[in-house]
Every structure is written in C-alpha cells, then in structure tokens.
Amino acid sequence: MSKIKNLNNINLSFHLQHPGKGNEPGDPNAIFYLNGVYHLHYILRHKWNGIRKNLPRNSFPFNHSHSFIHCTSKDMLNWEWQTTKLQPSFTKHGMFSGTGFITLDKKPAIIYHGENTKNNFVIIAKNNQLSKWNKPLPINKNKFKINFWDPDCFIINNTYYSISGGINPDLFKSKNLIEWKYVGKFMSKDLDDVVKGEDISCPNFFKLKNKWVLLCISHSHGCRYYIGDWDKKNERFIPEVHERMNWPDVTDPIYALESRDFFAPETVISKDGRRIMWAWLRIKQIKNSNILSIPRELKSHNNNKKLSITPLKELEKLRYDKKILTKIQIKNKSKNANDTITKNITSINFNAIEIKLFIKSSEIKNKRFGFQLFSKNKDINFPIIFEPDSKSILVGSTKASLDFQNLYKTKNIEITIFIDHFLIEVFINNIQSVVGIYEKFENQYQINAYSFNGSFIIEKLLIWKLKKINSGYKKAKKNKIWRVKEKI
C-alpha cells in the first residue's frame, strides 16, 4: 500500500475543512447561535500587499495577513460559506484569535487581537446575519503598558471583563466596551502540573453549572482547561483543576514541542443550552488544510473535577447501514499465559464510519489491551492501546493520559471511534478524547483486537457508515465566496 503523498487534497466527509489552500493558523473563532443559525469563523492566512494607514510600512512584514472566514449552519454539521467581511481591507489590520459574545444590549460582538498593532479590539455586528459590522474599537486607548494578546470577553454583573493572553493574563473591565479599566492579574495562582513558562492563549472563559471553566492553549503544550471559582470581591479566577487535552507524539524528538495537534479551542451555547466546542487540528501532515475537529459537548464530570467530553449528538443523524456484533471473544489459544493475543474481529470497506465498542470493566481491569485499525494481516498500522501500567492510552503515535481508576468504576467501558479518511478521533467513556492520523488509509481494511496476558470479551460492537455532509465545502471550493481581498 503506497503512502498518500498529499493529504491536503483529500475531501473529508464530515469534518469542517477550508475549501481552498490554507495555512496555519486555522483557529476557530467567534461562534454564535442567532435566529436559528450557527455562525462560525476561523482564521485564514492569505496574501496581503496592503499598507495600513497611519501605521509603519512594515506592519505587514511578510506580505501576508489574516482574516476571519465565516460559515453558517442550522445543525452544526452542514456548513455553507459566506462572504468574508472581517478582513484587513475593512479592519485595516489582520485578525488574530479572539472570541464571540453577546453585548448587554443583545448585539453579537467579537473581541480579537489586531495583528502587529499591540492592541486588542472589539467589533460589533450591525445585524444578526453578521453581514455588516461597525468599525473596530481599540481596548488600549489609555496606553496600558502590558502585553496585549489573544483576548476573551465575558460578562459578570452587567460588567464586561477582558482577558489579555499571556503568562497569567492581565484583566480589564468596562461598562460600555469603550472605556476600559485595568483590574490586575486574571488568575490568583497557577497550578502545580502547569509547566513553567506556559502561556494562556486562545482563552474562552465560561460558567458550567456552579463552576467556571477556562478553556485555552499554551503554545508549547496545546489545548488544556482549568476549572475553578470566580472571586467576586477581588475580581479574579481561582483555579482548582488543570487538565490536558493535547499530548506529545512518541515519534517526535525528545525536545520537540511540535505535537500540538489539538489546538485553539472555541465554544458556543447551542439552541438547547449545551456547551459545544471545536478545535483546530494542527496536525503536521495537514497544516495546509485548516481542518477543525468534530464538535464536542462539554459537561461537568466527577463533582466538577473534570470535564465530560462527548461527540456532538447531532452526529448520530449521519449514521446508516448499521452492523452489530455481540459477545466477541478475544481468547488465548496458547498454553503460554504471557502470549500476546491478536484477533481480527471485522472488516471495513468504507472511509467514513463510526465504531462503538462496549466492554465490561471487569473484563479488562489492569489489563493491557486495545485495537488495531487499518490492519492488513498481522500489521499493526494504527494502534489504540490501553496501558494501565503507564496510566495512558496510545492512539496512533499520540500517548495521552487516562484515568483508569474512574474508568474501572463504571460497569461498561464505551469506546467510540470516528474515522474520516485519514483522521481518527477516539472517545473513551466521555472522559477522554484523542485525535490521530493515518496517512496510508484506504477504504478496505481489518479491525483487530489485541490483549496481553489474558482473554476478554467485547460485549457489543456497532459500526455505522456515515453520510457525507461536505456539499457546502464543494460549493465553496468552486465559487470561492470566501475569497479575501489582497489589497486595501
């Protein structure tokens, strides 16, 4: 089987993918639900030959800039691209990460960092279609001598608060989005498992039940989140929990920090009140595709000590041609108890599928076991291996932490796997999700089960083919409605 040379030319079936040539960054930004429609923006880097007025000629030093591409959907699955309004020809500067919010007078607004301006801006829409915008309002009119970077805006007690990203970000507040007052540092402290020097970028701060969540990245370690309380008196966040959502690639050099494949998260409240997030899949092999993860639902879990992470329930609408297998025995036929067991459990002949497995936790407690995707005979190819000895799960070449103690407390372990051509997203018991990539994918292959030192039984295996929902992508690839201007 030959290696796929350019994954950027593959049209995915159910992932949101930029319909043209992209480049990093590809952060999702400013997502809204307005009048029955979801609006999602993401960053596109593009050629730029303009010079911003009243700013130095080197304001665009690399002959490129960044715009917010706009697409819409009624179900968070089928997306249509719209005319790009938020671009340097209008704002007079490039647009780096920020978030969307609704103002106190019920208008959609975005806070973002202006490229090479050393300032953050608020821009307010003129309508709920987001087809017209007011001019950007700078936050730093008072010349605060701090670092302005990726911002977020949230509202508490009819007051706007703005985080300005960095190491322990600075915090501002305003009553009108025009005049801002410096408050102080956003966090009361950082936590022990945070590496010294990690920044807080792409922040998104929101309340979930009775706790506050800071979803963010560090540029060195990728996506992560904090859970904690808001100190009303001192106006700052008190973090209690810190969890990773991104992990290293075991094939990378030991000093490399390039395995930040789950990056730049952004969330929105759905029509029925769910907190939905997307992330940019900053995977080395597809940097020029600007692909977003499948949407995830975030809920509080384990008495607010963690987030529950589940696939968007609307994805179930894509299922068809269901296949069910039950009581699959992965049995050791050898007399040697330490033998590795590998067994073919089924075959696949489609490139967009969902797999769901149920295994009794008593069957695999303290057992090293897993599965092999894209297998041919005894070839391992793409492993999904549960490793209780290292308290981790290996997904492809990504090694992620896994809370085995909580996993064993449940009656059944539920493993959900989404495959979209070369992209694999794995969910375990709603407490962990991991992304992987397999370059040598093809439509037809085997799924093998693996076990070390002991048999186990798969109670149920369900497989669905998933419908293609990329018609909007194909349309936009042809009409290029999203194309940005390259000059002022």
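Author: Lys-284 forms a salt bridge with Asp-249, with the closest N and O atoms 3.9 Å apart. A salt bridge here is a side-chain nitrogen of Lys or Arg within 4 Å of a carboxyl oxygen of Asp or Glu. Lys-284 lies in the loop between strand 18 and strand 19, and Asp-249 in the loop between strand 16 (236–244) and strand 17 (262–269), so the pair ties together parts that are 35 residues apart in sequence. Strands are DSSP runs of E of at least two residues, numbered from the N terminus.

Reader: What are the ground rules for this model?

Author: The model is predicted: local features need pLDDT of at least 70 and side-chain atom pairs count only at pLDDT 80 or more, while totals for chains, interfaces and linings use all residues. Residues are numbered from 1 along each chain as its sequence is written, and side-chain values use heavy atoms, with hydrogens and water left out.

Reader: Is Asp-249 buried or exposed?

Author: Asp-249 is buried, at a relative accessible area of 15%. Buried means under 20% relative accessible area, exposed over 50%, and partly exposed in between (1.4 Å probe, protein chains only). Lys-284 counts as partly exposed, at 36%.

Reader: How many salt bridges are there by this rule?

Author: The count comes to 22 salt bridges.

Reader: Which side chain meets Glu-297 in a salt bridge?

Author: That of Arg-274, at 2.7 Å from N to O. This pair links distant parts of the chain, with Glu-297 in strand 19 and Arg-274 in the loop between strand 17 and strand 18, 23 residues apart. Glu-297 is buried at 5% relative accessibility, and Arg-274 is buried at 13%. Both belong to a network of salt bridges that also links Asp-272, Lys-313 and Glu-314.

Reader: And what does Arg-296 pair with?

Author: Arg-296 forms a salt bridge with Glu-425, the closest N and O atoms being 2.7 Å apart. Glu-425 is in strand 29 (residues 423–428) and Arg-296 in strand 19, 129 residues apart. Glu-425 is buried, with a relative accessible area of 1%, and Arg-296 is buried at 0%.

Reader: Changing topic, why is strand 13 called largely enclosed?

Author: Strand 13 (residues 201–208) has 7 of its 8 residues buried, so it is largely enclosed by the rest of the structure. It pairs with strand 14 (residues 211–218) in the antiparallel sense over 6 bridges; strands count as paired if DSSP finds at least two bridges between them.

Reader: Where does a positive phi occur in that hairpin?

Author: At Lys-209, which takes a positive phi near 60° in a hairpin with 2 residues between the strands.

How values were computed: Helices (H or I, at least four residues) and strands (E, at least two) are DSSP runs, numbered from the N terminus.
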